[in-house]
Amino acid sequence: MKSAPENDWNFFLQFLEETDWNRALAEKEGGSDLEVYPASAAIREKIEGSKHHLPFEEVQEVFYNPAPPPLISKARDNKQRAIGESFAGRAIVVIFVRDQNENIRVISARDHLSKAENTLLSQNKQRRILK
């Protein structure tokens, strides 16, 4: 299975420029039925417990926070990656898959962003401010 290129940030930048954020926000606000849940109890324990110390509620907030909405890209093995913020402003990276109902099944989450991920999040916030 072919994996997504690790440093394909041009894809992210193109995605940011081509996305109609107002429409996406309107759809998101109207679609409050989105469910975000851990893939298993062990995954939730890993996120909240000894490895990441990250409350799962903050992980969920990445998908519910409209300002800024998360940046979503392809990751390895049919997974997706979301880079966003909790309501408190904590930057979080979430690895997830969509279930058959298009809900979010969280595989992993961390609040340690790489330099490139942090740059993308900052650029997304700047674009939102300038619009």
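Me: What order do the strands take in the open sheet?
Reply: In this predicted model, the order is E1-E5-E4-E3-E2. That makes five strands in an open sheet, with mixed pairing.

Me: Which strands stand at the edges?
Reply: E1 (36-38) and E2 do. Each has a single partner strand, so one side of each is left without a neighbour in the sheet.

Me: How many degrees does the twist average from one strand to the next?
Reply: The average is 35 degrees.

Me: Mixed pairing, you said. Do E1 and E5 run parallel or antiparallel?
Reply: Parallel, with three bridges joining E1 to E5. In that pair, Pro-38 stands opposite Val-106 of E5.

Me: And E4 with E5, parallel or antiparallel?
Reply: Antiparallel, joined by six bridges. Ile-95 has Ser-108 in E5 as its bridge partner.

Me: What sits between those two strands?
Reply: A hairpin turn: E4 and E5 have five residues between them. Glu-102 in the turn has a positive phi of about 70 degrees.

Me: Next pair along. How many bridges join E3 to E4?
Reply: Six, and the two strands run antiparallel. Gly-84 is partnered by Ile-92 in E4. This hairpin also has five residues between the strands, and Gly-89 takes a positive phi near 95 degrees.

Me: Then E2 and E3. How many bridges there?
Reply: Four, in the antiparallel sense. Ile-72 stands opposite Ala-82 in E3. E2 and E3 form a hairpin with five residues between them. In its turn, Asp-77 has a positive phi of about 50 degrees.

Me: Which residues of E2 are on the covered face?
Reply: Leu-71 and Ser-73. The uncovered face of E2 (residues 71-74) has Ile-72 and Lys-74.

Me: How many residues of E4 are buried?
Reply: Six of its eight, so E4 is mostly covered.

Me: At what angle do the axes of H3 and H4 cross?
Reply: Roughly 100 degrees. The axes of H3 (residues 41-48) and H4 (residues 56-64) come within 9 Å. The helices are therefore roughly perpendicular to each other.

Me: Which residues make that contact?
Reply: From H3, Arg-44, Ile-47 and Glu-48. From H4, Phe-56, Glu-57 and Val-59. By class, the contact has three nonpolar, no polar and three charged residues.

Me: Which residues are linked with Arg-44 in a network of salt bridges?
Reply: Glu-48 and Glu-57. Those residues also take part in the H3 and H4 contact.

Me: How many salt bridges does the structure hold?
Reply: Seven.

Me: Which residue forms a salt bridge with Arg-90?
Reply: Asp-111, with the closest N and O atoms 3.4 Å apart. The pair links distant parts of the chain, 21 residues apart. Arg-90 is in the loop between E3 (80-85) and E4 (91-98). Asp-111 is in the loop between E5 (104-110) and helix H5 (115-130).

Me: What is the relative accessibility of those two?
Reply: Arg-90 is at 29%, so it counts as partly exposed. Asp-111 is at 25% and also counts as partly exposed.

Me: And Arg-110, what does it meet in a salt bridge?
Reply: Glu-117, at 3.0 Å from N to O. Glu-117 counts as buried, at 2% relative accessibility, whereas Arg-110 counts as partly exposed at 27%. The cut-off for buried is under 20%.

Me: Back to Glu-102. What does Glu-102 form a salt bridge with?
Reply: Arg-98, with the closest N and O atoms 3.9 Å apart. Glu-102 is the turn residue with the positive phi between E4 and E5. Its relative accessible area is 48%, which is partly exposed. Arg-98 is partly exposed too, with 37%.

Key:
Residues are numbered from 1 along each chain as its sequence is written. This is a predicted model: local features need pLDDT of at least 70, side-chain atom pairs count only at pLDDT 80 or more; totals for chains, interfaces and linings use all residues. Side-chain values use heavy atoms; hydrogens and water are left out. A salt bridge is a side-chain nitrogen of Lys or Arg within 4 Å of a carboxyl oxygen of Asp or Glu. Buried means under 20% relative accessible area, exposed over 50%, partly exposed in between (1.4 Å probe, protein chains only). Axes are lines fitted to C-alpha atoms, for helices over the stretch in contact, and angles run from 0 to 180 degrees between N-to-C directions. Angles under 35 degrees count as roughly parallel, over 145 as roughly antiparallel, 65 to 115 as roughly perpendicular and the rest as oblique. Contact means heavy atoms within 4.5 Å. Ala, Val, Leu, Ile, Met, Phe, Trp, Tyr, Cys and Pro count as nonpolar, Asp, Glu, Lys and Arg as charged, and the others, Gly among them, as polar. Two strands pair if DSSP finds at least two bridges between them.
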